[in-house]
Amino acid sequence: RCLSDWSSDVCSSDLLQLNLIQANLNLIETKMKNGDALKYDLVSTQVRFTNVENLYTELQNQLNKQYNILNMLTGNSGTGYIPDTTISFSSFDITSDSVFTDAVKKNYDIITARDKIASSEWDITTAERSMLPVLSLQGSLGYKNGVLPDLNSILFNYYAGIGLTIPILSPSRPSIQKEIAVVTFENSKSALETQQLTLSKDILNTLDDIKKNLKKLSSIDTLLEQAQMALDLAVDRYKGGVITNLDLLTAQTNFQDAQLNKLQVEYNLVLSKIELNRLTGRRWW
């Protein structure tokens, strides 16, 4: 299912709540006309309808904000409720069997840590080379004036030279610079090892979260079906005057909670998959 369909599920879930309560209101009004219901039942249901309506507005606002963040992170130009590009749940799936291998190769934190090690190695090499003698050659060829006795005369001119510099007391202190570079190198290696251990821990935790949410989804449909059956039974029993309005509202609440629980598990599953993609350095958009 694509995220746009998922957002419609969020909206349809809230609309279903509103429709259920509206149907309940109509039923209570009919019962009041027949003298089978109290005005208290009508008022309490109207209050519940207003609360759900406000919740529906708040959830729509939150969903819009989530899509705005998603568009910003993916560089998508879409604005508002539905993004320009459809992103499916499968977009976040990791198909490779070697998740840890991919993470070590593509994780941006690991790549940065390796670059720091390479930079530290080059600093050590530079410090070592600064202790060596330097043989330099110089030369120049061209024309110049300002030569006595005729200052304005343009004369052909050239020169060549060779020099040897042997560092004895270098102002750059190459030995100290090497020590600093070695310490930085060892620190970078330690940081890489720490980053790899942290990455491994985060991946394991994320994989556990994915398994947990998948296991919840495998059983949540049964709970949702049971809540739907209980609600249908409660509606029939209320029409027959067997249960009170409070019992009917309780059945409606249980059904709505089951729907919300499923959406929450699906949302957590998507977040876990996105986190796994981030850890493995995979660009999913």
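Colleague: How many helices and strands does the secondary structure of the chain come to?
Modeller: The model under discussion is predicted. From the N terminus on, its elements run α-α-α-α-β-β-α-α. The secondary structure therefore comes, with runs assigned by DSSP, to 6 helices and 2 strands.

Colleague: What share of the residues in the chain is buried?
Modeller: A residue counts as buried when its relative accessible area is under 20%. The chain has 285 residues, and the buried share of them is 30%.

Colleague: What percentage of the contacts with a separation of 6 or more joins residues 24 or more positions apart?
Modeller: A contact requires heavy atoms within 4.5 Å. Among contacts in the chain with a separation of 6 or more, the share from residues 24 or more positions apart is 72%.

Colleague: How are α3 and α5 oriented to each other?
Modeller: Helix α3 spans residues 99-106 and helix α5 spans residues 174-239. Their axes come within 11 Å and cross at roughly 140 degrees. Angles over 145 degrees would count as roughly antiparallel, and the crossing of α3 with α5 is right-handed. The two helices are therefore oblique.

Colleague: Which residues in α5 do Val 99, Phe 100, Ala 103 and Val 104 in α3 meet, and how many residues of each class does the contact have?
Modeller: The four residues in α3 meet Gln 196, Leu 199, Ser 200, Ile 203 and Leu 204 in α5. By class, the contact of α3 with α5 has 7 nonpolar, 2 polar and no charged residues.

How values were computed:
Residues are numbered from 1 along each chain as its sequence is written. This is a predicted model: local features need pLDDT of at least 70, side-chain atom pairs count only at pLDDT 80 or more; totals for chains, interfaces and linings use all residues. Side-chain values use heavy atoms; hydrogens and water are left out. Buried means under 20% relative accessible area, exposed over 50%, partly exposed in between (1.4 Å probe, protein chains only). Axes are lines fitted to C-alpha atoms, for helices over the stretch in contact, and angles run from 0 to 180 degrees between N-to-C directions. Angles under 35 degrees count as roughly parallel, over 145 as roughly antiparallel, 65 to 115 as roughly perpendicular and the rest as oblique. A crossing is left-handed if the near helix is turned anticlockwise from the far one by less than a right angle, and right-handed if clockwise. Ala, Val, Leu, Ile, Met, Phe, Trp, Tyr, Cys and Pro count as nonpolar, Asp, Glu, Lys and Arg as charged, and the others, Gly among them, as polar.
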